[in-house]
Amino acid sequence: MNVVELTALMATIPTTVTSLNLSFNGLNLMTTEQLTASGNGIPATVTSLDLSDNAFGEMTMAQLTALMVGIPASVTSLNLSWNRLNLMTTEQLTASGNGIP
């Protein structure tokens, strides 16, 4: 799926959605541009976001940061379990985590 298609798909998420489950979606296989589009496409009404089981530990720091920066500030619950974060260095985790609003 290209960035234009992904952006269009994310735009179809109703603004009434408050909980979004993107677990086990192969986000680790996306490009930085696709991850930016995904993160930016999350509606500001979302307060609970599940990103579990996407193998973030296999991503580059740039990829993970691109996704995290797009997470709306409205998100108060973020599930990152089962993402193999143990494969990342402290520096990578800190830089990526700093992207979360």
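The model is a predicted one, so to speak of local features takes a pLDDT of at least 70, side-chain atom pairs count only at pLDDT 80 or more, and totals for chains, interfaces and linings use all residues. Residues are numbered from 1 along each chain as its sequence is written, and side-chain values use heavy atoms, with hydrogens and water left out.

How confident is the predictor? pLDDT is its confidence in each residue, from 0 to 100. The chain averages 89, and 100% of the residues score at least 70. Among the elements, β2 has the highest mean pLDDT (97) and α4 the lowest (81).

As for overall shape, a compact globule of 101 residues would have a radius of gyration near 13 Å, and the chain agrees, with 13 Å. That radius is taken over C-alpha atoms, and the globule rule is 2.2 Å times the number of residues to the power 0.38. The C-alpha atoms fill a box of roughly 35 × 30 × 20 Å along the principal axes.

The three strands make an open sheet in the order β1-β2-β3, with parallel pairing; two strands pair if DSSP finds at least two bridges between them. β1 (19–21) and β3 sit at the edges with a single partner strand each, so one side of each has no neighbour in the sheet. Between β1 and β2 there are three bridges, in the parallel sense, and Leu 20 stands opposite Leu 49 in β2.

Now for the inside. Buried residues (under 20% relative accessible area; exposed is over 50%, partly exposed in between; 1.4 Å probe, protein chains only) make up 40% of the 101 residues. In helix α3 (residues 61–69), the buried ones are Gln 63, Leu 64, Ala 66, Leu 67 and Met 68. They pack against α2 (32–40) and α4 (90–97).

One salt bridge turns up, meaning a side-chain nitrogen of Lys or Arg within 4 Å of a carboxyl oxygen of Asp or Glu. Glu 58 and Arg 84 form it, with their closest N and O atoms 2.6 Å apart. This pair links distant parts of the chain, 26 residues apart: Glu 58 lies in the loop between β2 (48–50) and α3, Arg 84 in the loop between β3 (77–79) and α4. Glu 58 counts as partly exposed, at 45% relative accessibility, and so does Arg 84, at 44%.

Note on methods. Helix = DSSP H or I, 4+ residues; strand = E, 2+ residues; numbered from the N terminus. Contact = heavy atoms within 4.5 Å. pLDDT = per-residue confidence, 0-100.
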